[in-house]
Amino acid sequence: MRIAVHGASGFTGSLIVAELARRDLSPILVGRDETRLRAVAARTGIPDAEIRVAALDDTAALTAAFDDSDAVVNAAGPFTLWGEPVVRAAIAAHRHYIDTTGEPGYLHKILSTYDEPAKQAGVAVVPAVTDDGVPGDLIAALTAARLGAPLREVRVADLRRPGAASRGTARSMAAIAVLDQVEYRDRTWQSANESATTLIEPGEPEPVSVTPLALPGVYTIPRHLDTPIVRGVIRTEMGEIFAGLGGEVAETIPEVPDADALAASRWLILAEATAVDGSRARGWVTGFDPYAATAVIAVEAARRLALDGAAAGTLTPAQAFDATSFLDHLATTGVHWQVEELASV
Ligand SMILES: NC(=O)c1ccc[n+]([C@@H]2O[C@H](COP(=O)([O-])OP(=O)(O)OC[C@H]3O[C@@H](n4cnc5c(N)ncnc54)[C@H](OP(=O)(O)O)[C@@H]3O)[C@@H](O)[C@H]2O)c1
């Protein structure tokens, strides 16, 4: 199986290349800089891997770079700046597409704008295939399925604590933090009307202060769950860090995070669902090293699309993949997931 990785020279892209090699899948390294792409192939122990140089403004070269692949993974961000030419080239080449974006405006735009072109090309376009986008969407689907009545509200929370992040993430977060935070309310996307609030983190005795952030789930969950409200929140201390992350600060962050700090980083994505009859359930997915997890998730998603296909069009992770089966695959790499019913309100 041949998976094209655009942005293979970056930190996340190189981890995806390494994960493809680990799983005996053949990466095609695509990007604008041949020297950097070759360095990644050599570092990953696959010096003979195929390299294809294509600039973003060279549509023909980009399309040709994807032409004989089984799927395209895009890890070149900020996606708001560089994402769309890659989506268009993947669709033109009739290849399934996934990416590692965490940028809400871009995610919403791709899901809304490229559905028809993807349908016409007969391919699936699945953005936000990351350590928060996939677990959040899948665990929300499984949590809601525990309730026997129509949904009143879904809340998705990214409860990671401050830890290691790449310069690429810092650049993207700096761009997001200045935006108006959005939630899904009255069945439409609009400015979040809650400020800081609290929630109970699994395994922790004290409530955690959380603040609104338009996590990927705010845009993906309403596309497959019939709910009038979807809110996204992160720890308030993380929100404060993002708010202080101007573009200049982001440039001072190392391209590759410290390996020990990464290994020690834990992420936890929680979904809480409340039904109109007051019944409640929550589910969570937790693991270590968010970038390694993103690589595992992106490779498994690309492999499933290449092998099993999916409905044509723009899809959320829960629309593209069987939630239980995908999370069970992640569990083989140290991820834990669980769903439980809560006392009614
Ligand atoms: N949970 C999440 O939301 C999550 C998790 C992981 C990653 N991500 C996202 O993934 C993206 C990549 O992160 P990273 O840490 O890997 O960043 P990075 O190390 O800075 O890599 C960026 C990649 O984009 C390419 N690129 C940048 N500008 C380009 C341009 N004008 N034309 C073509 N290619 C260009 C770079 O190519 P060169 O080498 O040629 O410069 C490089 O391959 C970020 O947006 C990050 O937020 C999100």
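Is Ile139 buried or exposed in this predicted model? Ile139 belongs to helix α8, which spans residues 133-144. Its relative accessible area is 0%, and because buried means under 20% relative accessible area, Ile139 counts as buried. Apart from residues up to four places away in sequence, Ile139 touches Ile269, Ala271, Gly283, Trp284, Val285, Leu327, Trp337, Gln338 and Val339. One of these, Gln338, lies 199 residues from Ile139 along the chain, yet the C-alpha atoms of the two are separated by 8.4 Å.

Tyr97 is part of strand β5, residues 97-99. When residues up to four places away in sequence are not counted, Tyr97 touches Val72, Asn74, Gly83, Val86, Val87, Ala90, Tyr106, Ala124, Val125, Val126 and Leu305. With Tyr106 there is also a polar contact between the two side chains, at 3.1 Å. The C-alpha atom of Tyr97 is separated by 9.9 Å from that of Ala306, a residue 209 places away along the chain.

Helix α3 covers residues 59-66, and its buried residues are Leu62, Thr63, Ala65 and Phe66. These residues lie on the same side of α3, because the arc they cover around the axis is only 155 degrees. The elements against which they pack are the strands β1 (2-6), β2 (26-31), β3 (50-53) and β4 (71-74), together with α5 (84-92).

The loop that runs between α3 and β4 contains Ser69. Ser69 is buried, and its relative accessible area is 0%. The side chain of Ser69 reaches back to α3, where the backbone oxygen of Phe66 lies at 2.7 Å. Beyond its neighbours within four places in sequence, Ser69 is in contact with Arg2, Ala4, Ile28 and Arg95.

The ligand is surrounded by 27 residues, of which Ser9, Thr12, Arg36, Asp131 and Ser166 are the closest. By residue class, the shell consists of seven nonpolar, 13 polar and seven charged residues. For Gly10, a backbone N or O atom lies 3.0 Å from an oxygen atom of the ligand, and for Phe11, a polar backbone atom is found 2.8 Å from a ligand oxygen. A nitrogen atom of the ligand, in turn, has a polar side-chain atom of Asp132 at 3.1 Å. On its own, the ligand has 930 Å² of accessible area, and the protein covers 89% of this. Two or more residues of the shell are given by each of α1 (11-22), α4 (79-82), α9 (167-177) and α14 (290-308). The largest share, four residues, is that of α9.

Helix α9 also has contacts elsewhere in the protein. Its buried residues are Ala170, Ser172, Met173, Ala174 and Ile176. They pack against three further helices, namely α6 (104-113), α11 (236-243) and α12 (247-251).

Several loops carry particular backbone geometry. In the loop between β4 and α4 lies Pro78, which is joined to Gly77 by a cis peptide bond with an omega of about -5 degrees. Asp24, in the loop between α1 and β2, has a positive phi of about 60 degrees although it is not a glycine. A positive phi, near 65 degrees, is likewise found at Ala128, again a residue other than glycine. Ala128 is placed in the loop between β6 (124-126) and α8.

Notes: Residues numbered from 1 in each chain as written. Predicted model: local features only at pLDDT ≥ 70, side-chain atom pairs only at ≥ 80, totals over all residues. Heavy atoms only, no water. Buried < 20%, exposed > 50% of the residue type's maximum accessible area, 1.4 Å probe, protein only. Arc of directions from axis to C-beta. Contact = heavy atoms within 4.5 Å. Near = heavy atom within 4 Å. Polar contact = N/O pair within 3.5 Å; in protein donor to acceptor, adjacent residues only side chain to side chain. Areas by Shrake-Rupley, 256 points an atom, 1.4 Å probe, with all protein chains shown as cover. Nonpolar A, V, L, I, M, F, W, Y, C, P; charged D, E, K, R; others polar.
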